[in-house]
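Biologist: I would like to learn how to read a protein model. Could we take one feature at a time, with the general idea before the case?

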Amino acid sequence: MSETHCLTYLLLDDQRLPTHLRAEAADSLYFEAQCRLEDRVYGCVGLIFLLQQQIHAAESQLIKTQAEIAVMKSQVQHP
């Protein structure tokens, strides 16, 4: 039995996982399987890392833009 089939069995057939969470678990397994097809080593972890980098870059840009706005407001208020 493959690793994915084992996980599917454990998550979807196990009574410990509430029924209302099984669809989300199945979606997560499907997403990971799709990512594994594209990146056999890292799977979705590589995508998560990329998204974290993009968030960090966006946060840095936001901080820079907020600082620029503060400087401009200061210049307008105190010419």
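Biologist: How many disulfides does the structure hold?

Modeller: Keep in mind that this is a predicted model. A disulfide is called when two cysteine sulfur atoms lie within 2.5 Å. The structure holds zero disulfides. C35 is in no disulfide, and the nearest cysteine sulfur, that of C44, is 5.4 Å away. C44 is likewise in no disulfide, its nearest cysteine sulfur being that of C35.

Biologist: Is C35 buried or exposed?

Modeller: The idea is to look at relative accessible area, where under 20% means buried and over 50% means exposed. C35 counts as buried because its relative accessibility is 9%. C44 has 16%, so C44 counts as buried too.

Biologist: Let me step back to the whole chain. How many helices and strands are there in the chain?

Modeller: The chain has three helices and zero strands. Along the sequence this gives the pattern α-α-α. Of the 79 residues, 11% count as buried. The accessible surface of the chain is about 7,000 Å², and 63% of that belongs to carbon and sulfur atoms.

Biologist: Which residues of helix 2 are buried?

Modeller: The buried residues of helix 2 are R22, A25, L29, E32 and C35. They cover an arc of only 150° around the axis, so they sit on the same side of helix 2.

Biologist: And which exposed residues does the face turned away from the buried side of helix 2 carry?

Modeller: That face carries H20, A23, E24, D27, Y30, L37 and E38. Helix 2 also contains S28. The C-alpha atoms of S28 and C44 are 9.9 Å apart, although 16 residues separate them along the chain.

Biologist: How should I read charged side chains?

Modeller: Side chains of opposite charge can pair when their charged atoms come close. The cut-off for a salt bridge is a side-chain nitrogen of Lys or Arg within 4 Å of a carboxyl oxygen of Asp or Glu. By this rule the count is one salt bridge.

Biologist: Which residue forms a salt bridge with R36?

Modeller: The partner of R36 is E32, with the closest N and O atoms 2.6 Å apart. Both residues lie in helix 2 (residues 19-38), and they are four residues apart, about one turn of the helix. R36 counts as partly exposed because its relative accessibility is 32%, whereas E32 is among the buried residues of helix 2.

Biologist: Last feature. Which residues form a nonpolar patch on the surface?

Modeller: In general, nonpolar side chains are joined into a patch within 5 Å, provided each residue has over 30% relative accessible area and no salt bridge. Here the patch is made of F31, L47, L50 and L51, which together have about 330 Å² of accessible area. Its largest share, three residues, comes from helix 3 (residues 44-77).

Biologist: Why does L50 count as partly exposed?

Modeller: L50, found in helix 3, counts as partly exposed because its relative accessibility is 40%.

Conventions. Residues are numbered from 1 along each chain as its sequence is written. This is a predicted model: local features need pLDDT of at least 70, side-chain atom pairs count only at pLDDT 80 or more; totals for chains, interfaces and linings use all residues. Side-chain values use heavy atoms; hydrogens and water are left out. Patches are made of residues with over 30% relative accessible area and no salt bridge: like charges are joined within 9 Å, nonpolar side chains (Val, Leu, Ile, Met, Phe, Trp, Tyr) within 5 Å. Accessible areas come from the Shrake-Rupley method with a 1.4 Å probe; for residues, only the protein chains shown count as cover. Helices (H or I, at least four residues) and strands (E, at least two) are DSSP runs, numbered from the N terminus. Buried means under 20% relative accessible area, exposed over 50%, partly exposed in between (1.4 Å probe, protein chains only). The arc is that of the directions from the helix axis to the C-beta atoms.
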